[in-house]
Amino acid sequence: MKKALVAVDGSEYSKYAVEYTSDLLDKEKWEVIVLHVIPSLEEISIESVAPPSLVEALFNELRENAKRIVGDAANVFKEKGFKVSTLIKEGHVGKTIVETAKELDVDLVAMGTRGMSGIKALILGSVARYVANHAHCPVLVVRKKERVKR
Ligand SMILES: Nc1ncnc2c1ncn2[C@@H]1O[C@H](COP(=O)(O)OP(=O)(O)OP(=O)(O)O)[C@@H](O)[C@H]1O
Ligand SMILES: [Mg+2]
């Protein structure tokens, strides 16, 4: 079986990536790993200004969110009959996606062009750009609600 790593952040763009990838890939040939990365403290950069209790509350919420985000994406693949697993990691988002792709020796990474920030002026969000530039394998970047032509 080949492996596809699908990186999700819960945004509409990452949902498009999930929809498209689950239509494109052959479930007999591909297994799917859904990954969400919780950004590290340094990335959110609130460490120095917020009280520890607030930081802890925020992280608990991010962890709960993460479960929902990977669960929802995994369900789309499950419903289409794919073998699917989920992963939640913490760290630098782009680096963690690239490292996980390498560690699991995946054959494809799939993601959206943009994510939660979704600034329309940007062609590619920073995570999409980082992964497209650094992944060891091909990266499928889904721009919008696109359908696989049959
Ligand atoms: N924390 C994350 N974990 C897993 N995948 C992610 C994460 N953040 C983004 N992605 C993936 O990367 C795609 C592009 O999102 P990206 O974060 O690059 O854009 P953005 O949020 O619009 O811009 P930026 O984060 O640079 O402000 C998303 O559609 C999703 O597939
Ligand atoms: Mg983002």
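Which residues does Lys-27 touch, not counting residues up to four places away in sequence? I looked this up before anything else. Lys-27 touches Lys-80, Gly-81 and Phe-82; contact here has C-beta atoms, placed from the backbone, within 7 Å.

**Ground rules.** I am working on a predicted model, where local features need pLDDT of at least 70, side-chain atom pairs count only at pLDDT 80 or more, and totals for chains, interfaces and linings use all residues. Residues are numbered from 1 along each chain as its sequence is written, and chains are lettered from A and ligands numbered from 1 in the order in which they are written.

**Lys-27.** I placed Lys-27 in the loop between H1 and S2. Helices (H or I, at least four residues) and strands (E, at least two) are DSSP runs, numbered from the N terminus. Lys-27 counts as partly exposed because 15 other C-beta atoms lie within 10 Å. The scale is: buried at 20 or more other C-beta atoms within 10 Å, exposed at 12 or fewer, partly exposed in between, with C-beta atoms placed from the backbone. I also checked Lys-27 against Gly-125, 98 residues apart along the chain. Their C-alpha atoms are separated by 29 Å.

**The sheet.** I traced an open sheet of 5 strands in the order S3-S2-S1-S4-S5, with parallel pairing. Two strands pair if DSSP finds at least two bridges between them. Strand S3 (83-91) and S5 stand at the edges with a single partner strand each, so one side of each has no neighbour in the sheet. Neighbouring strands are turned by 25° against each other on average, direction ignored. Axes are lines fitted to C-alpha atoms, for helices over the stretch in contact, and angles run from 0 to 180 degrees between N-to-C directions.

**Helices on the sheet.** H1 packs on the sheet and touches strand S1 (2-7), S4 and S5. The direction of H1 makes about 135° with that of S4. Helix H3 (residues 52-79) lies across S1, S2 and S3, running at about 165° to S2.

**Strand pairs.** I went through the pairs one at a time.
- S1 and S2 pair in the parallel sense over 6 bridges, and Ala-7 stands opposite Leu-35 in S2. The chain crosses from S1 through H1 to S2, and this β-α-β crossover is right-handed. The term applies if, with the strands pointing away from the viewer, the path from the first strand over the helix to the second runs clockwise.
- S1 and S4 run parallel, joined by 3 bridges. Ala-4 stands opposite Leu-108 in S4.
- S4 (residues 108-112) and S5 (residues 139-142) pair in the parallel sense over 4 bridges. In S5, Val-139 faces Val-109 and Leu-140 faces Ala-110. With helix H5 (residues 126-134), S4 and S5 make a right-handed β-α-β unit.

**Ligand 1.** How many residues surround ligand 1? I found 23, the closest being Gly-112, Gly-115, Ser-117, Gly-125 and Ser-126. A residue is near a molecule if its C-beta atom, placed from the backbone, lies within 6 Å of it. Helix H1 (12-24), strand S2 (30-39), S4 and H5 each supply at least two residues of this shell. The shell divides into 12 nonpolar, 9 polar and 2 charged. Ala, Val, Leu, Ile, Met, Phe, Trp, Tyr, Cys and Pro count as nonpolar, Asp, Glu, Lys and Arg as charged, and the others, Gly among them, as polar.

**Asp-105.** Most residues other than glycine have a negative phi. Asp-105 has a positive phi of about 55°, although it is not a glycine. Asp-105 is found in the loop between helix H4 (93-103) and S4. I noted Asp-105 as exposed because it has 9 other C-beta atoms within 10 Å.

Definitions and conventions:
Contact = placed C-beta atoms within 7 Å.
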